[in-house]
Amino acid sequence: MEYFTQQLINGLTLGAIYGMIAIGYTMVYGIIGMINFAHGEIFMIGAFISIIAFLLLGTLGVTWVPLALLIVLLVAMVLTPIYGWALERVAYRPLRGSPRLAALITAIGMSIFLQNYVQLLQGARVKPLQPVISGGFEFMRTENFSVVLSYLQILIIVLTVILMAVFTLLINRTSMGRAQRACEQDLGMASLVGVNVDRTISFTFVVGATLASFAGLVFLLNYGVIDFYIGFLAGIKAFTAAVLGGIGSLPGAMLGGILIGLIEAFWSAYFTVEYKDVAAYSILVLVLIFRPTGLLGKPDIEKV
Amino acid sequence: MAGETSADHTPIDAQELFKEAGATALVVFALCFSLVGFKTEDVPGGLDIITRFDDVLVATALAFIGRAALVLLRQGYPLPVLATALPVTILLIVLHFSDAVFSTDTAAVLKRFLPFGAPVIDWLVTILAAVFAIRAAIARQRAGSTMTTEEREKAMDRIGARVQRAARILGPLILGFAIILPFLPMADRRILDIAILVVTYIMLGWGLNIVVGLAGLLDLGYVAFYAVGAYSYALLAQHYDLGFWVCLPFAGLMAATAGIILGFPVLRLRGDYLAIVTLGFGEMIRIILLNWYEFTKGPDGLSGIPRPTFFGLPFTRSPPEGVETFHSFFNLAYSPTDRIIFLYYVILVMALATNLFTLRIRKLPVGRAWEALREDEIACRSLGINPRNTKLTAFSIGAMFGGFGGSFFATRQGFISPESFTFIESAVILAIVVLGGMGSQIGVVFAAILLIGLPEIFRELHQYRMLAFGAAMVLIMVWRPQGLLAHREPTLHLPERPPDAPRVAGAAK
């Protein structure tokens with residue numbers, strides 16, 4: 001039971017990361033119907049900008065942890081979306097309306113480009129960061145095992161909930177969010193009634209990248225090491241989460257992310273760590289075969 | 001460096017110019033500021049930060065100038081662009097070669113004026129400046145703007161059509177060149193190795209073209225079948241002591257079986273989903289190869305894979321007692337290049353067989369069904385084509401060629417490990433197919449030479465290789481989404497009616 005609770009906590013933390021990235025996939029897929037393969041790299045860039053900001057603050061002498069965290073969060077969430085915006089502007093906008101395959105190839109190309117861009121600029125070595133927040137609550141103590149809920153995990157979960165609330169408000173209550181939902185339903189119709197489609201799509205990429213940069217910061221805090229390759233695997237799993245939750249559905253993306261996180265944590269705990277990625281892929285395959293619309297997705301009707 | 005592109009007395013829309021160029025410069029600055037401006041450095045006991053703001057500023061300035069030049073070209077003022085870009089190009093080239101012209105000290109001082117100090121990127125800037133100069137010159141010649149997008153599309157389509165028509169002549173020419181290549185004076189060991197690599201990718205591209213180009217199934221996990229082929233051969237050879245030629249059909253069969261097993265559940269998925277699931281399968285196979293240590297030796301890989309023989313004659317210098325070798329059989333002096341040349345011909349024949357197979361099967365009912373299915377699945381269903389079985393044939397035949405390619409890879413390297421079968425390989429092969437123009441056999445050849453051959457020749461740019469690769473994928477797709485040589489001729493024509501033929505009864509009343 002103790003072990004189970006511990007894995008539940010770990011899985012939820014992991015799931016928050018996947019869910020945050022998955023929202024970016026699902027929003028982009030919902031609005032322009034393409035898999036933004038480079039979204040995982042945006043997450044990776046977010047993690048790199050975060051580590052640079054932490055190191056800079058360290059040299060500047062900002063050591064009060066809450067302030068440092070706040071500054072890093074703001075820096076990452078402001079600077080990373082520029083990459084998301086530029087990605088759409090440079091690589092995807094010229095291809096709007098061309099075959100889907102072309103857009104996917106461009107996305108893969110962009111993913112390779114960004115990975116190597118970061119590798120060239122920041123070096124291929126693994127980048128470690130000293131733990132920023134340590135300690136935690138211990139409970140359910142038995143003689144040889146106790147469940148640890150670290151302060152970091154609490155912070156991650158609280159921040160995720162706050163961010164999700166802000167994000168939900170943004171989509172449901174603001175005019176930009178309304179335009180976003182309109183474009184998701186029908187791009188052509190939305191433009192006919194005066195929605196600026198280009199700007200709305202850019203907005204989608206910016207929002208997705210903001211959430212991904214938060215996931216990058218959380219990843220950095222949680223694992224303490226990053227390299228230029230983390231975006232690939234996290235991206236695939238987040239995509240799996242988006243499909244599992246039902247692509248196009250925002251709550252579905254978060255739900256899918258948490259499920260994938262839990263499955264991965266429990267699989268590693270009770271079966272084998274080596275095959276945890278296989279577990280994630282198998283779920284993707286199974287979901288697509290038996291329930292292609294995902295858990296919360298709307299069925300996709302094909303008209304002739 | 002570059003001069004001002006200021007708006008003098010002519011009525012250039014200066015406001016637009018500064019607005020656009022300023023916005024571009026701002027974006028580039030914001031992009032570069034974080035990742036270019038600061039670098040994390042490994043120091044004992046953690047990380048340190050070094051700054052590179054000079055590079056950020058140079059990049060921003062270059063972005064401003066470049067965008068300004070674009071705006072000027074668009075507004076129809078090529079002259080100031082030409083007047084700036086040409087001297088800048090010449091100046092940069094002189095700076096690059098300052099070693100040869102001036103003394104070492106002066107050259108060192110002069111080189112400091114190069115924008116970045118990293119040779120490759122400086123050359124890139126030079127090339128960009130030259131491109132601007134050329135574009136401005138063309139625009140000036142044509143007394144106006146450059147080509148519109150549609151004009152360019154049409155022109156590229158014409159080129160594609162022309163190349164396809166020329167392929168009838170060009171194909172045999174390229175083939176002839178490929179056959180005599182090992183005997184040309186320039187063909188040293190390095191060139192041959194590159195040629196083998198390029199032909200391997202051409203073969204894989206042709207194999208994947210069956211799946212992606214003909215059947216329209218987007219497969220991002222092609223490397224899985226490549227891996228299955230390679231491991232099948234390596235394991236058969238190690239456990240049952242079989243040679244390359246015996247194992248080759250088995251490897252292909254294994255890969256085709258893997259294709260059927262993987263394809264059966266997933267082939268009813270559409271486009272993008274299929275892509276991601278196949279990607280997942282590719283990664284799964286790699287992870288299994290990595291972790292199933294007792295069977296595949298995991299990350300250590302399999303070594304000592306036997307080399308192919310020429311009708312039973314091995315290519316070794318000192319064979320074991322009683323075994324005749326290639327050079328002793330033909331009374332030749334032993335040369336290590338013989339083996340390389342032999343490998344080259346093996347893969348060439350395999351690639352040609354793939355090509356021939358594809359060309360022939362396109363004419364068979366199943367090939368026609370693939371192409372029809374690619375165009376419209378619902379129409380095919382209503383005409384009684386079983387989509388799943390038809391797709392499965394394409395998927396497994398493509399997988400089979402992947403398996404052949406894989407066993408060739410294993411025998412060439414003599415060592416395989418899961419490292420060689422990453423997602424990047426799949427992406428490279430897919431990029432070859434798509435960049436060449438899907439379904440175009442000659443396009444695959446050009447794309448493979450472009451994407452595999454060129455980076456191998458410019459090995460010095462090693463660290464920029466994948467960067468350029470990704471950038472090329474994006475640029476080519478943005479420039480021409482259908483692929484470089486995409487031009488689709490209808491495979492069937494209605495026969496032309498002779499002018500004096502009787503018209504259809506009833507119409508000619």
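This is a predicted model: local features need pLDDT of at least 70, side-chain atom pairs count only at pLDDT 80 or more; totals for chains, interfaces and linings use all residues.
Local features were taken at pLDDT of at least 70 and side-chain atom pairs at pLDDT 80 or more, whereas totals for chains, interfaces and linings use all residues. Residues are numbered from 1 along each chain as its sequence is written, chains are lettered from A in the order in which they are written, and side-chain values use heavy atoms, with hydrogens and water left out.

At the interface, 66 residues of chain A are in contact with 57 residues of chain B, contact being defined as heavy atoms within 4.5 Å. The buried area, that is, the accessible area (1.4 Å probe) that two parts lose on being put together, summed over both, is about 5,500 Å² between chain A and chain B, and carbon and sulfur atoms give 78% of this area. Six residue pairs in polar contact, both residues at pLDDT 80 or more, were found across the interface. A polar contact is a pair of N or O atoms within 3.5 Å; within protein, one atom must be able to donate a hydrogen and the other to accept it, and residues adjacent in sequence count only if both atoms are side-chain atoms.

The elements of chain A that give two or more residues to the side touching chain B are α2 (39–60), α3 (65–92), α4 (100–122), β1 (127–128), α9 (230–245) and α11 (276–290). Helices (H or I, at least four residues) and strands (E, at least two) are DSSP runs, numbered from the N terminus. The most is given by α4(A), with 17 residues. By class, this side of chain A has 50 nonpolar, nine polar and seven charged residues; Ala, Val, Leu, Ile, Met, Phe, Trp, Tyr, Cys and Pro count as nonpolar, Asp, Glu, Lys and Arg as charged, and the others, Gly among them, as polar.

Over all chains, 32 aromatic pairs were counted. Rings of Phe, Tyr and Trp (its six-membered ring) pair if their centres lie within 6.5 Å; planes under 30 degrees apart count as stacked, over 60 as edge-to-face and the rest as tilted. The rings of Y3(A) and Y270(A) form an edge-to-face pair, because their planes stand at 80°, with the centres 5.6 Å apart. Since Y3(A) lies in helix α1 (residues 2–32) of chain A and Y270(A) in helix α10 (residues 250–270) of chain A, the pair ties together parts that are 267 residues apart in sequence. Y3(A) is partly exposed at 35% relative accessibility, and Y270(A) is partly exposed at 44%; the class partly exposed lies between buried (under 20% relative accessible area) and exposed (over 50%), with a 1.4 Å probe and protein chains only. In chain B, the rings of F18(B) and F64(B) have their centres 6.1 Å apart and their planes at 35°, so this pair is tilted. F18(B) belongs to helix α1 (residues 14–35) and F64(B) to helix α2 (residues 53–75) of chain B, 46 residues apart. A cluster of F37(A), F228(A), Y229(A), F232(A) and F423(B) is linked by ring pairs.

D198(A) is in helix α8 (residues 197–223) of chain A and R96(A) in the loop between α3 and α4 of chain A, 102 residues apart. Both residues also belong to a network of salt bridges that links E88(A), R93(A), R96(A) and D198(A). In chain B, R286(B) forms a salt bridge with E283(B), with the closest N and O atoms 3.1 Å apart. These two residues lie in helix α11 of chain B, three residues apart, about one turn of the helix, and both are buried. A salt bridge also joins E371(B) to R362(B), with the closest N and O atoms 3.3 Å apart; E371(B) is buried at 12% relative accessibility, whereas R362(B) is partly exposed at 21%.

Chain B has 20 helices and four strands, and 47% of its 509 residues count as buried. T278(B), in helix α11 (residues 271–291) of chain B, is buried at 3% relative accessibility. A polar atom of the T278(B) side chain lies 2.8 Å from the backbone oxygen of L274(B), and the T278(B) side chain reaches the backbone oxygen of A275(B) at 2.7 Å. Leaving aside neighbours within four places in sequence, T278(B) is in contact with L218(B), D219(B), L220(B), G221(B) and F395(B).

Conventions. A salt bridge is a side-chain nitrogen of Lys or Arg within 4 Å of a carboxyl oxygen of Asp or Glu.
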